[in-house]
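Here's a quick briefing to read alongside the model. Have the sequence and the 3D view open as you go.

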Amino acid sequence: MSQLIPVTEYVSYMLFSFLVGHVVLQFVPQTHKPIITVKKQSLLLAVLGIIILTFLPVLQVILFFSPEGLISLTSYSILTEFQVGIAWLYGSFFAVLLWMTIYVEGSKYIQALFLLLMIFSVGYASHSSTLNLWPGLFSHAIHFLVITMWVGVLLHVGWLSKDEKNWHLFLKWFTPLSIILFLTVTISGIFLMFFVVEPRDYVNSWVITYGQVLLVKHLSIIPILAFALINGFLARKVKANDQFNPIKWVQAETIILMVVFFITGVLGTLPPPHQVNATLIQEGPAPWIEFLLGQNITAPFIVQLSLHLDAVLLLIIGVLFIGLLIISFYKKISPILAVGFGIAFIISTYLGLMFSIVIK
């Protein structure tokens with residue numbers, strides 16, 4: 001079950017993005033977006049998928065505390081007294097209302113309201129909300145809302161649009177919006193991080209699994225920024241050259257965002273390191289970190305960074321990969337290769353930072 005949860009979290013995030021993107025684009029005039037066809041059945045299935053997939057973390061808690069199974073008083077208590085259970089009940093209730101609204105092709109404002117309430121239910125079930133209710137709930141919900149807006153709009157225009165019509169006008173409003181979304185995701189992400197990791201323990205947390213995954217997530221933001229920069233220039237290029245097809249580049253940006261979504265799904269299933277040394281004693285180090293560093297890690301410890309030649313070379317190679325990502329746009333190289341450069345940047349920079357770690 002624990003291995004399945006990150007996958008189901010990822011799929012549910014994508015379903016949320018699909019629905020959010022659909023609702024957001026309903027507010028955009030047809031002249032300012034490509035022609036997109038979305039079947040009602042796919043929207044209805046997405047809502048049902050969210051109800052089912054978001055129940056799995058609840059089921060995991062029930063199976064942990066209730067050996068009698070689903071039909072028991074313990075299950076009832078988890079659903080009505082635990083935040084994860086209450087959040088699922090509220091989220092499912094609003095999901096059913098959203099399903100009915102989509103089925104009768106109801107108001108886009110009502111759809112947006114129910115979807116927003118479902119997202120706040122996700123925020124209520126988050127780690128940050130259990131630590132500090134209202135700040136945690138709002139910061140997680142805003143973070144999740146913003147990234148699902150970003151991914152959702154790109155999913156629809158990048159993968160479901162029929163042609164390149166209206167792309168210039170679409171990019172004209174989406175480019176500044178994506179900058180605002182990027183800044184909001186970054187600020188809310190930093191705020192969320194401080195709920196689980198003290199700033200002074202950020203580097204120390206790299207030796208445990210949560211810190212490792214968090215670092216990879218942070219590194220993956222750089223390629224996203226590069227793609228956002230590229231897509232910012234797309235609007236000018238589309239206007240200057242009617243023959244230029246921007247769809248592949250938007251798809252490439254979506255792929256990198258999907259990678260971040262998957263990392264976020266994994267992160268949400270890991271125990272947060274409020275006390276890094278205590279977490280190391282309880283959970284042990286990340287499975288691969290001792291192999292990478294060539295030494296055993298035991299508490300108490302302090303992580304320091306020391307830039308050796310091999311670490312510096314890897315960091316420089318990482319910067320070169322980002323440069324290649326941007327150059328690939330100007331040289332009209334395949335966007336898939338640019339995605340490869342983005343992933344290579346993450347791997348190279350990650351290894352450069354790992355090889356610069358000194359445990360004391």
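What volume does the largest cavity have? It comes to about 50 Å³. Bear in mind that this is a predicted model, so to speak of local features takes pLDDT of at least 70 and side-chain atom pairs count only at pLDDT 80 or more, while totals for chains, interfaces and linings use all residues. Residues are numbered from 1 along each chain as its sequence is written, and side-chain values use heavy atoms, with hydrogens and water left out.

**The cavity**

- The count is 1 cavity of 30 Å³ or more; a cavity here is a set of points on a 1 Å grid over the protein atoms alone where a 1.4 Å probe fits but cannot get out, and lining residues have an atom within 4 Å of a point.
- Grid points are joined across faces, edges and corners, and the volume is the space filled by probe spheres set on the points.
- Among the residues lining the largest cavity are Phe170, Phe174, Ser178, Asn231 and Glu253.
- Helix 9 (167–196), helix 10 (209–240) and helix 11 (247–267) each give two or more residues to this lining, and helix 9 gives the most, with 5.
- By type, the lining splits into 6 nonpolar, 3 polar and 1 charged.

- Helix 1 covers residues 4–26 and reaches 34 Å from its first C-alpha to its last, close to the 33 Å expected at 1.5 Å a residue (that is, 1.5 Å times one less than the number of residues).
- Of its 23 residues, 18 are buried (under 20% relative accessible area; exposed is over 50%, partly exposed in between, with a 1.4 Å probe and protein chains only).
- The whole structure holds 23 aromatic pairs (Phe, Tyr and Trp rings, the six-membered one for Trp, with centres within 6.5 Å; planes under 30 degrees apart are stacked, over 60 edge-to-face, the rest tilted).
- Phenylalanine 16 and phenylalanine 144 make an edge-to-face pair, 5.2 Å centre to centre with 80° between the planes.
- Phenylalanine 16 sits in helix 1 and phenylalanine 144 in helix 8 (residues 133–159), so the pair ties together parts 128 residues apart in sequence.
- Phenylalanine 16 is buried at 3% relative accessibility, and phenylalanine 144 is buried at 5%.

**Isoleucine 119**

- Isoleucine 119 belongs to helix 6 (residues 108–124) and is buried, at 1% relative accessible area.
- Leaving out residues up to four places away in sequence, isoleucine 119 touches Phe16, Val20, Ala141, Phe144, Leu145 and Thr148 (contact means heavy atoms within 4.5 Å).

Key. Helices (H or I, at least four residues) and strands (E, at least two) are DSSP runs, numbered from the N terminus. On a 1 Å grid over the protein atoms alone, a cavity is a set of points where a 1.4 Å probe fits but cannot get out, and a pocket is an open set with protein on both sides within 12 Å along at least five of seven lines; lining residues have an atom within 4 Å of a point. Ala, Val, Leu, Ile, Met, Phe, Trp, Tyr, Cys and Pro count as nonpolar, Asp, Glu, Lys and Arg as charged, and the others, Gly among them, as polar.
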